[in-house]
Amino acid sequence: MPKIQAAKPDAIYAVTPGADNVPFLKQAISFGLKKDAKIAQPLHFLYYTKEGGAEVFQDIYGATHFCHELADTLPQAKRYVEAFTKRFNQPPDAYSGYGFNGIHEVARGVELAKSTDSDAVANALRKNREYDHYKGKQWWRACDNKSFQDLWIVRVRAPQQVKGEWGLFDVIGKVAANEELDRTCAEKGLA
């Protein structure tokens, strides 16, 4: 922390994985870094944000492929969030969405291929590349089997603005899925 503080940064890009993020941010606050610099993170995780609390995470920007606040604007997300919350008594985070999406894609591939053979399933999904299980259109790129999906920019709300127990994020922007934002298949040596 003293090295970061000595550099007098305008912004800090904090890449502290998982639960390590909570003590890192608490230390950053104790060193005064949060008041002197903007802090951004590549990803926000709902459960760690709740663990640390809005006081720790307030005004920190991050990205996510899904947050339960999307239920307010996306009918698909609303169905998923309601079902997940009913089952687990808490809203889903992005990683639960990955699992949900993955299981549904495997099932869709099996149905399309009329087989459980992994090559047949993969080929069926490549041929029927678009899907939407819980958050809007996604698609597969055949050359590298990459799923393209939207990304949302979120900011953690101030403690007095948190909505209920779990309403920690303001969705402030969206980066629409776009293959032009990724390296091309040729650049990856796949074309």
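The legends below describe several close-up views of one predicted model.

Local features are reported where pLDDT is at least 70 and side-chain atom pairs where pLDDT is 80 or more, whereas totals for chains, interfaces and linings use all residues of this predicted model. Residues are numbered from 1 along each chain as its sequence is written, and side-chain values use heavy atoms, with hydrogens and water left out.

**View 1. An open sheet of three strands has the order β4-β5-β6, with antiparallel pairing.** β4 (130–131) and β6 stand at the edges and have a single partner strand each, so one side of each is left without a neighbour in the sheet. Strands here are DSSP runs (E, at least two residues) numbered from the N terminus, as are helices (H or I, at least four residues), and two strands count as paired if DSSP finds at least two bridges between them. Strands of a sheet pair through backbone hydrogen bonds, either parallel or antiparallel.

**View 2. β4 and β5 form a hairpin with six residues between them.** The two strands, of which β5 covers residues 138–141, pair in the antiparallel sense over two bridges. Tyr131 has Gln138 of β5 as its bridge partner, while Glu130 has Trp139 of β5 as its own. In the turn, Gly136 has a positive phi of about 115°.

**View 3. β5 and β6 run antiparallel and are joined by three bridges.** Trp140 has Ser147 in β6 as its bridge partner. Four residues lie between the strands of this hairpin, where Asn145 takes a positive phi near 55°. Gln138 and Trp140 point one way from β5, Trp139 and Arg141 point the other way, and all are buried. Buried means under 20% relative accessible area, exposed means over 50%, and partly exposed lies in between (1.4 Å probe, protein chains only).

**View 4. Cys143 and Cys185 form a disulfide, with their sulfur atoms 1.7 Å apart.** This pair links distant parts of the chain, since Cys143 is in the loop between β5 and β6 and Cys185 is in the segment after β8, 42 residues apart. The link of Cys143 and Cys185 is left-handed, with -70° about the S-S bond. Cys143 is partly exposed, with a relative accessible area of 27%, whereas Cys185 counts as buried at 14% relative accessibility. A search of the whole structure finds one disulfide, the term being used for a pair of cysteine sulfur atoms within 2.5 Å. A disulfide is a covalent bond between the sulfur atoms of two cysteines.

**View 5. Arg141, Asp144, Lys146, Asp182 and Lys188 are linked in a network of salt bridges.** A salt bridge is counted when a side-chain nitrogen of Lys or Arg is within 4 Å of a carboxyl oxygen of Asp or Glu, and the structure holds 15 of these salt bridges. Arg141 counts as buried, at 6% relative accessibility.

**View 6. The side chains of Asp150 and Lys174 meet in a salt bridge of 3.2 Å, N to O.** The pair links distant parts of the chain, with Asp150 in the loop between β6 (146–148) and β7 (151–156) and Lys174 in strand β8 (residues 169–175), 24 residues apart. Asp150 is buried, with a relative accessible area of 12%.

**View 7. Lys35 forms a salt bridge with Asp36.** The closest N and O atoms of Lys35 and Asp36 are 3.7 Å apart. Lys35 is exposed, with a relative accessible area of 70%, and Asp36 is also exposed, with a relative accessible area of 52%.

**View 8. About 200 Å³ of space lies in the largest pocket.** On a 1 Å grid over the protein atoms alone, a pocket is an open set of points with protein on both sides within 12 Å along at least five of seven lines, and lining residues have an atom within 4 Å of a point. Grid points are joined across faces, edges and corners, and the volume is the space filled by probe spheres set on the points. The lining includes His65, Lys146, Ser147, Phe148, Val175 and Asp182, and β6 gives the most to it, with three residues. By class, six of the lining residues are nonpolar, four are polar and two are charged; Ala, Val, Leu, Ile, Met, Phe, Trp, Tyr, Cys and Pro count as nonpolar, Asp, Glu, Lys and Arg as charged, and the others, Gly among them, as polar.

Conventions
1 Å grid on protein atoms, 1.4 Å probe; cavity = no way out; pocket = protein on both sides within 12 Å on 5 of 7 lines; lining within 4 Å.
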